[in-house]
Amino acid sequence: MDKLFFVTVTIILPIGFCIYALYRRSFGSFVLGVLAFVISQMVIRIPILNYVAINSSTYQFWSVTKPIVVLTLLAVSAGVVEELARWIFMHWFLKRKTYFNGIIFGFGHGGIEALLLVGIPVVMQMNMASPSQLFLSGVERLCAMAIHICLSLIVLTGVRKGAFRYVCYAIIIHSIINFI
């Protein structure tokens, strides 16, 4: 049952979001959410962090001696790159800046994160995870997807009002949640 829940949340649900976006003729909004995540994290942030982790003795030293500082930097960097990407994609590329399309954008953003960072990697090694780990991972991903939808709506509000401070609010919220 835990395996089914995990697969449903991390693989079937993101695919379902995609199908729903197609059905509602909001596939462009969904794809923009996917692109915002993939470019900000998979293309920019994660490669930079991997490079720093391998090549910076300061980072390696701080990881052991000052883990709270490193965790704070990791949380803030995720908030900054993801929320700025969200703002750029919504501001420049989102045609219909409706709250419905903001929700679909959040589905794309949170769905692809669940699929790429948790769903596929864990399914490939599912026998190594305990049922409780799978269940908790599924719950965490459900919460993360809900948060991505909410953050998308906050950023979209800023785009609609022409107020960048909403992006700053989203960065702060995202950073705090990631740190926790």
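Predicted model: local features only at pLDDT ≥ 70, side-chain atom pairs only at ≥ 80, totals over all residues.

Residues are numbered from 1 along each chain as its sequence is written, and side-chain values use heavy atoms, with hydrogens and water left out.

I begin with the largest pocket, which holds about 350 Å³ of space. A pocket here is an open set of points on a 1 Å grid over the protein atoms alone, where a 1.4 Å probe fits, with protein on both sides within 12 Å along at least five of seven lines; lining residues have an atom within 4 Å of a point. The lining has 17 residues, and those closest to the centre of the pocket are E113, E140, R141, H174 and N178. Two or more lining residues come from each of α2 (27-55), α4 (67-92), α5 (99-124), α6 (131-161) and α7 (165-179). Helices are DSSP runs of H or I with at least four residues, numbered from the N terminus. By class, the lining comprises 8 nonpolar, 4 polar and 5 charged residues.

Which helix gives the largest share of that lining? The answer is α6, with 7 residues. The 31 residues of α6 should span 45 Å, and its end C-alpha atoms are 45 Å apart, which agrees; the expected span is 1.5 Å times one less than the number of residues. After α6 comes G162, with a positive phi near 65°.

Turning to α5, we find H109 in this helix. Is H109 buried or exposed? H109 is buried, because its relative accessible area is 0%, and buried means under 20% with a 1.4 Å probe and protein chains only. Its side chain makes a polar contact of 2.7 Å with the side chain of E82. A polar contact is a pair of N or O atoms within 3.5 Å; within protein, one must be able to donate a hydrogen and the other to accept it, and residues adjacent in sequence count only if both atoms are side-chain atoms.

Finally, S29 belongs to α2 and is buried, because its relative accessibility is 7%. The side chains of S29 and N101 form a polar contact at 3.1 Å. Beyond four places in sequence, S29 is in contact (heavy atoms within 4.5 Å) with L94, N101, I104 and F105.

Terms used:
Points joined across faces, edges and corners; volume = space filled by probe spheres on them. Nonpolar A, V, L, I, M, F, W, Y, C, P; charged D, E, K, R; others polar. Buried < 20%, exposed > 50% of the residue type's maximum accessible area, 1.4 Å probe, protein only.
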